[in-house]
Amino acid sequence: MTSHLKKAELHCHVEGAAPPALTLVQAEKYSVDPTHFVRDGAYVWNDFTSFIACYDFVASVFRTAEDYAALAEAYLTELAVANTIYSELFISPDHGEAVGLPPDDYVGGLAAGILAARQKTGIECRMVIIGERHLGPENVLARAKWAATFNHPLVTGFNIAGEERINRVADYVPAFDIVREAGLGITIHAGELCGAFSVADALDLVRPSRIGHGVRAIEDADLVRRLADLGTVLEVCPGSNIALKVFPDYASHPLRRFVDAGVRVTLNSDDPPFFHTSLAAEYETASKVMGFSDDEINAMTRTAIEAAFVDEPTRQALLARL
Ligand SMILES: Nc1ncnc2[nH]cnc12
Ligand SMILES: [Zn+2]
């Protein structure tokens with residue numbers, strides 16, 4: 001049992017945390033037909049492309065600051081009940097803009113939900129701005145420029161996600177240069193749909209402290225050594241990787257090999273209800289299916305706090321809670 005273990009999560013997309021039942025309520029509220037994307041209480045998709053289409057549908061039924069506040073508060077409360085002390089939420093203002101919600105209101109709503117959850121449960125949370133890679137380098141650059149000047153105490157990082165098979169990391173370097181200069185923490189989705197070259201590009205060109213997934217670095221032993229030497233933290237999402245068929249099963253998932261190689265890793269849920277998982281379930285799977293001891297899992301939680309995009313007093317307070 002891992003329910004007694006303290007937990008921390010660095011990699012969860014906020015719209016991807018919406019349970020199907022809540023999405024149905026939202027669809028009803030806005031008179032939208034959900035039947036293509038929610039069936040028998042589950043999301044409908046069968047590969048990365050249809051997953052993104054389903055994700056975009058879910059995002060499209062969250063339309064106001066209040067909708068986003070309720071979503072964030074509900075997700076963080078669920079995490080806190082599972083003994084989670086810290087969460088980083090990936091947020092994409094492009095999804096708000098697509099339904100006419102200005103970025104300030106999108107972030108403001110999420111911040112209200114985060115503060116309400118903190119008041120109720122003590123869970124600490126920060127937001128990481130996502131540029132959607134498949135919207136193209138110009139869109140991501142514009143998002144980075146906005147993020148660099150948008151001063152919000154709970155917005156502490158920048159990331160790119162979405163369709164990794166479109167363009168190369170090099171195309172997004174100007175965006176990362178801008179947010180690095182602005183002092184935001186940097187993480188980047190790489191080595192999920194694309195192979196080791198994508199992780200190598202990220203290290204060469206973006207120099208992030210963390211990588212989202214990064215798991216296909218396992219295809220290149222020199223790159224694994226380089227990750228270990230640099231101390232780059234991987235935000236590993238095993239349930240997502242299995243659901244999206246990045247690896248066929250847990251036996252072939254490389255988490256254990258990264259740990260053995262001295263790579264710093266953390267456990268994450270990515271888009272929990274899409275992948276029939278949760279942060280608690282990821283901890284349980286790491287223990288029961290992947291064979292990690294409580295000490296090894298606690299080390300991953302500690303790594304998450306060490307790599308969190310928070311100020312030092314907050315980091316020390318979180319470490320003291322472990
Ligand atoms: N697993 C994932 N990979 C890339 N982009 C995403 N957006 C939401 N989930 C994602
Ligand atoms: Zn992700």
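Guide: First a definition: contact means heavy atoms within 4.5 Å. Axes are lines fitted to C-alpha atoms, for helices over the stretch in contact, and angles run from 0 to 180 degrees between N-to-C directions. Helices (H or I, at least four residues) and strands (E, at least two) are DSSP runs, numbered from the N terminus. With that, α6 lies across β5 (124-132) and β6, at about 145° to β5.

Visitor: What are the ground rules for the model?
Guide: This is a predicted model, where local features need pLDDT of at least 70 and side-chain atom pairs count only at pLDDT 80 or more, while totals for chains, interfaces and linings use all residues. Residues are numbered from 1 along each chain as its sequence is written, chains are lettered from A and ligands numbered from 1 in the order in which they are written, and side-chain values use heavy atoms, with hydrogens and water left out.

Visitor: How many strands form the sheet, and in what order?
Guide: 8 strands, open, with parallel pairing: β1-β4-β5-β6-β7-β8-β9-β10. Two strands pair if DSSP finds at least two bridges between them.

Visitor: Which strands stand at the edges?
Guide: β1 (7-13) and β10 (264-267). Each has a single partner strand, so one side of each is left without a neighbour in the sheet. From one strand to the next, the twist averages 25°.

Visitor: How many bridges join β9 to β10?
Guide: 4 bridges, with β9 (residues 233-236) running parallel to β10. L234 has V265 of β10 as its bridge partner.

Visitor: Where is S87? Buried or exposed?
Guide: S87 is in strand β4 (residues 84-91). S87 is buried, at a relative accessible area of 0%. Buried means under 20%, exposed over 50%, partly exposed in between (1.4 Å probe, protein chains only). Beyond neighbours within four places in sequence, its contacts include E9, L76 and C125.

Visitor: Switching to helices. At what angle do α3 and α5 cross?
Guide: Roughly 35°, and the axes of α3 (residues 65-81) and α5 (residues 103-121) come within 7 Å. Among the residues making the contact are A69, A72 and L76 of α3, and G109, G113 and A117 of α5.

Visitor: Which residues of α7 are buried?
Guide: V173, A175, F176 and V179, in a helix spanning residues 173-181. Seen down the axis, the buried residues fall within an arc of 155° (taken from the directions from the helix axis to the C-beta atoms), so they line one face of α7.

Visitor: What covers them?
Guide: The cover includes α6 (137-149), β6 (155-161), β7 (185-190) and α8 (196-205).

Visitor: And what follows α7?
Guide: G183, with a positive phi near 90°.
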